[in-house]
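Here's a quick briefing to read with the structure open beside you. Take it one topic at a time.

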Amino acid sequence: MKPWNQIDWEAPRPTAAEVAASWQELEWEPVAVQDPAVDRFLDAVRDTHTNGGVLLRRFRAATYPPATQWFTSRNRLVEYELHRVFLDHAVVRQELAELQIPAQLDRVPAGLKEEWSGALALDGTLAARLVHGGAYQKFTGPAHQAKAISAAAVQALIGQRYEDVRVDRSTNAWTPWFFDIAWDLTILLTDYGTATITALCVTDTD
């Protein structure tokens with residue numbers, strides 16, 4: 001299998017039948033994320049979102065056909081419906097059981113939108129989430145400390161391979177787990193270099 005960041009320009013575009021078949025062949029497996037920097041960030045989110053919560057899970061595409069690679073290597077995820085197929089997979093649903101993923105998902109689930117800056121500004125996005133906090137709690141340290149915590153978490157999650165990682169973000173309450181007030185956040189990190197997707201979800205309520 002070719003990695004998702006390697007384009008085969010000679011490969012023909014998959015047919016509609018091949019695309020539909022590839023969705024059934026695409027298999028995901030959970031990958032443990034064990035790093036003190038990530039744990040520190042998640043603990044900081046929990047401290048500031050005391051009535052809500054935070055979830056972070058990573059999955060690897062253990063098996064994927066050429067049709068998947070054709071679209072992912074060209075960053076045509078919406079056209080391929082990768083995130084819908086990902087979130088609809090039985091393993092992902094099981095590992096994210098708390099999220100209560102709906103039985104029916106939109107073609108672009110959660111209203112996810114690709115961040116034009118990719119992963120370059122991801123640490124700032126996470127730092128802003130800490131600084132602004134949840135309904136009742138804000139980050140107790142200075143902003144530069146929140147930035148350092150977030151930057152260390154990003155380093156642990158993707159290293160410096162910014163060009164390999166696509167960031168899609170939503171503030172919609174797209175499952176019952178979210179409280180649908182003002183603090184809902186979903187981020188999917190699609191890593192083309194490792195064929196993984198990392199899901200980060202945050203919510204809170206007053």
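A search of the whole structure turns up 15 salt bridges, where a salt bridge is a side-chain nitrogen of Lys or Arg within 4 Å of a carboxyl oxygen of Asp or Glu. Keep in mind that this is a predicted model: local features need pLDDT of at least 70, side-chain atom pairs count only at pLDDT 80 or more, and totals for chains, interfaces and linings use all residues. Residues are numbered from 1 along each chain as its sequence is written, and side-chain values use heavy atoms, with hydrogens and water left out.

**Salt bridges**
- Arg60 and Glu29 pair up through their side chains, 2.9 Å from N to O.
- Arg60 sits in strand β2 and Glu29 in strand β1 (residues 27-31), so this pair ties together parts that are 31 residues apart in sequence. (Strands are DSSP runs of E, at least two residues; helices are runs of H or I, at least four; both are numbered from the N terminus.)
- Asp123 meets Lys147 at 3.4 Å, N to O. Asp123 is in helix α7 (residues 122-132) and Lys147 in helix α8 (residues 143-158), so they link parts 24 residues apart in sequence.
- Asp123 counts as buried, at 18% relative accessibility, while Lys147 is partly exposed at 38%. (Buried means under 20% relative accessible area, exposed over 50%, partly exposed in between, with a 1.4 Å probe and protein chains only.)
- Arg13, Arg76 and Glu79 are joined in a network of salt bridges.

**Nonpolar cores**
- The largest nonpolar core has 32 residues, and among those touching the most other members are Trp4, Trp28 and Phe86. (Such a core is a set of buried Ala, Val, Leu, Ile, Met, Phe, Trp, Tyr and Cys residues joined through side-chain atoms within 4.5 Å.)
- Helix α5 gives this core its largest share, 4 residues.
- Leaving aside neighbours within four places in sequence, Trp28 is in contact (heavy atoms within 4.5 Å) with residues including Trp4, Arg60, Leu82 and Phe86.
- There's a second, separate core of 25 residues, which includes Leu122, Phe139, Ala153 and Val154.

**Around Thr205**
- You'll find Thr205 in the segment after β6, and at 14% relative accessibility it counts as buried.
- Not counting residues up to four places away in sequence, Thr205 touches Asn51, Ala135, Tyr136, Phe179, Ile181 and Trp183.
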